[in-house]
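Me: I've got a structure open and want to talk it through, one question at a time. Could you walk me through it?

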Amino acid sequence: MDATIGDPTVASSVERVFESQLLPGTWGQVTFRSMAISVVLGTVFGFVGLRIMMKAGIIQALNLPINVLSFFFLKWFINLLRACGFTTLPFSRQENVLILTTVTTCLNVAISGGFANYVVGMTSLVAKSLGVENPDPRDVVDNFPTGRWMLFLFVISMVGIMTSVPLNKVMIVDYRLLFPTGTVQAHLINSFHTPQGAHVAKLQVSTIFKFFLGRFSWTIFSWLYSAGDNCGFANFPMFGLELYKHRFKFDFSPTFLGVGMICPHVINLALLFGGIVSWGLLYPFLETKHGEWYHTDSPSSLKGNNGYKVFICITIIITDGLFNFLTIIITSYIDIKHKQEENDSGLSNYMKRHPSLNYDECKRVEVFLQNKIPLAISVGGYIASATVSIVVIPWLFDQIKFYHVATLYIITPVIAFANTYANGLTDWSVGYTYGKFTIFVVAAWIVKAGAVVAGLVACGIMIAALHISSQATQDIKTGYMTLTSERAMVIGQIVGVIIGSIVNPCIFLAFQKGEKPNVSIGSPESHFPCPFAGLFRAIGVIGTGGVKELPDYCLAMCFASFCITIATNVLSLVSQIKGWRIHKYLPNMTVVALPFFAGPDFTIDMCLGSAVLFIWIRMNSRSADLLSSAVAAGLICGEGLFALPSAVLGIFSVQPPMCMKFFPSGKEVDVVDSFLNNLETPTRT
């Protein structure tokens, strides 16, 4: 499978366009200016990525805005240096790719670093939210030093990079996997470095900054009205106060409007469908069964209403994840067998089969092999980084032992191969599915005090190794198609790990400092509820056998959820094989499950984003194709950047000056009016 087969845009040979340009060496691509830009963009997208993940639990790929902004900022920086009288090297597409992979790696460290799930899942707040009044001290981690988080992220992320290095040649040159996102990024960068492409990039950057400034200004304005609990535009009861009680509201969040413009329509509608089924139908029904099916009034106890939420959501997500995992494994196995039967892994056979693409493929393979990292060094790098992790991680978390970590790193290369291969075929990584399964296995292996934390730490090890390695190889595909040195790419990825390991814990700390008084990250009242934190911890609790009692009919509902998930996935798979159009309209069940725990409010914003994009396409499809992602990027980045001044204001105890709140008409309004009228009027002096 090759990215360029049948692609008319490159049939005339992309590399001949750049033939006159001198190809820089490894250290001509890894420059100080590219690293400086990477630090800035890595910090910005760390803010953006963490904010979205910690609020909604999901994040769409941000590769396009990273791509566009890296091109713009580096070009601007070069022009600035020249204006100051400095002599600079020409701006090359290889340097552009290096910034892209560095910033993307930094973002992947934020995504796989667990700040939205397993890290918060270790806290006593989340433990108590699952009904444990006095959790064992060994099963919670509160106030973990930021420096230790940096070290933990660094060691597990470095293993992820080292895992990918031995796989790069096999996946890209031997198996010629597509890696859809990496291929699209390469085409985009190649086009940017032509005169017409540079004009398009300039137009996109201008659009990003316009919406960025508008979004940033709106965030400042809305902050002024958010003093106190449930105040401000984020709590606007657009659908009435009765539905507002069930979290159906419009929170004026352009961030999720932008995310909705990036996500496919079927994803956004599936989220809304999940929100309506859970918070609109199922949960109100379960509330009427209080006293019959369950008797506790605690909103956090697994013996009450919360038990239905947690276990139905876990059932859907685990079932869907395992089904997709088995499907991808089988698909990958069949594809590998076909390639072995073709005996077509060599360059000469490839050239015979695709003679019209001889020059580009010869040039790309030649440059790739010239700059390939030797197998002995790549394997040695994995062994060295894994050994460091085996020593360091048990020192950081004494709940997990060195032999647990060693076992994980022995099996990681095999799982990473399967996950990266599947990612190359489908653009889909199932690293989080492996991570959830690891929580259960390790917690069940230990089955004593500290087992839940050990399972969550093991989850972090597995997710970092699999997610970062598959995304790193995705970026190497971009480098392969732009003649970027593999050695330079790996250096950029290591720098991205260093930046991400330092910056992301600091961002998380800033979010903590900027929280409302007496509110902690992970609580429902927080700006960052981290909806998946409780789910990840609940899997560990189940692994230890810690759930002794569930509300009535909970297992029956879980079984029904299991059957519905399997039926939906089977129908989707069969319809794809048969060519039926119905598969385009079937929802992803993991997506449907997200609002069960996260709430439906953000799904309304995302569906509005879909509606805006749909209308835009109808009115001017060319403009929408060109600028919709840029508009989305501006909306997303504007709110994310406000987290920094918000954290600073929080540190100095500066609160918003006003509270905008909504009450039902009648007695409540009279009570509020009476209270306000009786307040002492300040006297003028």
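Me: How many cavities of 30 Å³ or more turn up in a search of the whole structure?
Reply: Keep in mind that this is a predicted model. Rolling a probe the size of a water molecule over the atoms shows where empty space is left. With the cut-off at 30 Å³ or more, the search of the whole structure comes back with one cavity.

Me: How much space lies in the largest cavity, then?
Reply: Its lining consists of I314, I317, I318, K436, F532, L535, F536 and I539. The space inside the largest cavity is about 50 Å³.

Me: Which helix gives the most to the lining of the largest cavity?
Reply: Two helices each supply at least two lining residues, α14 (305-342) and α22 (532-543). F532, L535, F536 and I539 are among the lining residues. With four residues, the one that gives the most is α22.

Me: Staying with α14, is N305 buried or exposed?
Reply: N305 is found in helix α14. Leaving out residues up to four places away in sequence, N305 touches L286, E287 and Y294. The relative accessible area of N305 is 14%, and buried means under 20%, so N305 counts as buried.

Me: What is the phi of C530 near?
Reply: C530 sits in the loop between α21 (486-513) and α22, and it is buried at 2% relative accessible area. Most residues other than glycine have a negative phi. C530 is a residue other than glycine with a positive phi, near 50°.

Me: And where is Y553 found?
Reply: Y553 is another one to look at for its backbone, as its phi is positive, near 65°, in a residue other than glycine. As for its place in the chain, Y553 is in the loop between α22 and α23.

Me: Which residues make the nonpolar surface patch of about 390 Å²?
Reply: Start from I582, in the loop between α23 (554-578) and α24 (589-598). I582 has a relative accessible area of 38%, so it counts as partly exposed. The patch of about 390 Å² is made by V570, L571, V574, W580 and I582.

Me: How many of the 10 residues of α24 are buried?
Reply: The buried ones are M589, V591, V592, A593, L594, P595, F596, F597 and A598. α24 is largely enclosed by the rest of the structure, because the buried count is nine.

Me: On to charges: how far apart in sequence are the parts that R33 and E95 tie together?
Reply: The side chains of R33 and E95 meet in a salt bridge, 2.6 Å from N to O. R33 lies in helix α2 (residues 32-56) and E95 in helix α4 (residues 93-112), so the pair ties together parts with a sequence separation of 62 residues.

Me: Are R33 and E95 buried or exposed?
Reply: The cut-off that matters is that buried means under 20% relative accessible area. R33 and E95 both come out as buried.

Me: How do R138 and D398 count, buried or partly exposed?
Reply: Their side chains form a salt bridge at 3.8 Å, N to O. This pair links distant parts of the chain, 260 residues apart, with R138 in the loop between α6 (124-129) and α7 (146-164) and D398 in the loop between α17 (375-396) and α18 (402-426). R138 is at 33% relative accessibility and D398 is at 44%, so R138 and D398 both count as partly exposed.

Me: Which residues are linked in a network of salt bridges?
Reply: E361 and R364 form a salt bridge, with their closest N and O atoms 3.7 Å apart. They are three residues apart in helix α16 (residues 358-370), so about one helical turn separates them. E361 and R364 are both buried. The network links E15, R93, E361 and R364.

Me: Zooming out, what percentage of the 685 residues is buried?
Reply: The protein has 28 helices and zero strands. Its accessible surface comes to about 30000 Å², with 65% belonging to carbon and sulfur atoms. Of the 685 residues, the buried share is 55%.

Note on methods:
Residues are numbered from 1 along each chain as its sequence is written. This is a predicted model: local features need pLDDT of at least 70, side-chain atom pairs count only at pLDDT 80 or more; totals for chains, interfaces and linings use all residues. Side-chain values use heavy atoms; hydrogens and water are left out. Buried means under 20% relative accessible area, exposed over 50%, partly exposed in between (1.4 Å probe, protein chains only). Accessible areas come from the Shrake-Rupley method with a 1.4 Å probe; for residues, only the protein chains shown count as cover. Patches are made of residues with over 30% relative accessible area and no salt bridge: like charges are joined within 9 Å, nonpolar side chains (Val, Leu, Ile, Met, Phe, Trp, Tyr) within 5 Å. A salt bridge is a side-chain nitrogen of Lys or Arg within 4 Å of a carboxyl oxygen of Asp or Glu. On a 1 Å grid over the protein atoms alone, a cavity is a set of points where a 1.4 Å probe fits but cannot get out, and a pocket is an open set with protein on both sides within 12 Å along at least five of seven lines; lining residues have an atom within 4 Å of a point. Grid points are joined across faces, edges and corners, and a volume is the space filled by probe spheres set on the points. Contact means heavy atoms within 4.5 Å.
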